[in-house]
Structures are given as structure tokens and as C-alpha cells.
Amino acid sequence: MDFFNTLKQKLDLKFLIWHYLFLVLFFLALPFLAGILPIVRFTEEQIDIRVYPDHVLMQGIYVYQNPFPFPVVQGLSVPFPVDNDHPTPVQLAARQMVPEPKQLETRYILGHHRFNLVFHAYEKIHIAVEYRQQAPKKNARYLLTTTAPWKHPLKQGMYRLFPHDVIITRSNYALEAGDHDNFRFQRKNFMPPDDWYFSWKVN
């Protein structure tokens, strides 16, 4: 009987050790899985915003790279520029484009839409995100300062406005005319000091 009691105590102790070890590892990994802390590098983005009289359609391509020689999982969130004049966007869609095209399932957790990316060693992943936002006062904002938590400047960024039956009247980043009826600015080694604000009037 003493033998079985001793064995049970050892098994219970081993179970408790593994249980607490799992909890410790879970809470250590949680900030990365939730997208609060970065593991990988955010290196490039291309932002195309189609501007209509009463709304904008944001289409972004983002590039992330695992700098490590082993696999990692990175949680990401989609930040929205929401205030009294700009309601929560709708029609959110996220998909992985490179290396393997597939739809990404987003989950609404802690006030943000989130998803996870699984990286192989040194792997680079391109994702596309799209959403639609009403803009009744004919102005909008794209969040650029969310780059800061990544701790590294973007290697390059391209930012374009495509007006549809409107005239762009203001942008806090100077724009130049691009191809295919768009206005744009681009940067290299870019740590944005401000978000991107722009406004328009109906043509």
C-alpha cells in the first residue's frame, strides 16, 4: 500500500510540474500569439486606397519575415482608424498571398480582429488585407504609426490614392501623380512619424 501511495504522490507531483510548466510557457507565448509583441520583422507594405464620395476601400499588402533559423508563430491584429466621424470598417478580408495562397481566418479578441501566421525558418510571407469604411465628412485616416511597435523601420512603403468621382484636396504626406489615375508617396527606411490623413470633395 505504501508503494502505491508513494507512486501516486510522485505521479501527482509530476502532473503538477507539467501543468505549471505548460501555464508558464502559455503565458510567455501569449503576447506573441496575440500580436502584442513582435517575433518576426515587418519589412514592406503597399497601401492602395480607393476613395469614393462617401467611403473608402483600403487594400493593403504587407510583408513579414522570420529572421530566425527555426519556425515561429506570429499573432497579428488589424488596427482600424475609428472615431466619431469614422465608424468601424466592414467587409474585412485577409488572405495569405505568398508562399501559399489561402484565406486567413480572423477572430475578434480583446477589441481587435486577429489571426496567426506560421513561419518556417527565414520564411517571408505576404498577406493582403481589405476593408471598407464609411467617410461621411469626406476625410479619412490610415494608421501608419502602428509601425513603431515593430522597432524597425520599413525597408520600403508605397501609398496610393485612387479617386473615384472625387478630387483629392489634402494630404499631410505630399503626393505626386502616378500611373493609372492615382496619387502616391513612397518611402524607404520608413518609420512613420504621423498617420496619413487625407480629404476630398465630390467631383
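Residues count from 1 along each chain as its sequence is written. Since the model is predicted, local features need pLDDT of at least 70 and side-chain atom pairs pLDDT 80 or more, while totals for chains, interfaces and linings use all residues; side-chain values use heavy atoms, leaving out hydrogens and water.

**Exercise 1.** Work out whether T43 is buried or exposed, and which residues it is in contact with.

Step 1: T43 has 6% relative accessibility, so it is buried (under 20% relative accessible area; exposed is over 50%, partly exposed in between; 1.4 Å probe, protein chains only).
Step 2: skip neighbours within four places in sequence, and T43 is in contact with V63, L154, K155 and Q156 (heavy atoms within 4.5 Å).

**Exercise 2.** Work out which strands pair with β13, and which residues R184 faces.

Step 1: β10 (residues 154-163) and β13 (residues 183-190) pair in the antiparallel sense over 7 bridges (to pair, two strands need at least two DSSP bridges between them).
Step 2: β12, residues 176-177, also pairs with β13 in the antiparallel sense, over 2 bridges.
Step 3: now look at R184 in β13: R184 is the bridge partner of R160, and E176 stands opposite R184 too.

**Exercise 3.** Find which residue takes a positive phi in the hairpin of β12 and β13.

Step 1: go to the 5 residues between the two strands.
Step 2: pick out H180, with its positive phi near 60°.

Notes
Helix = DSSP H or I, 4+ residues; strand = E, 2+ residues; numbered from the N terminus.
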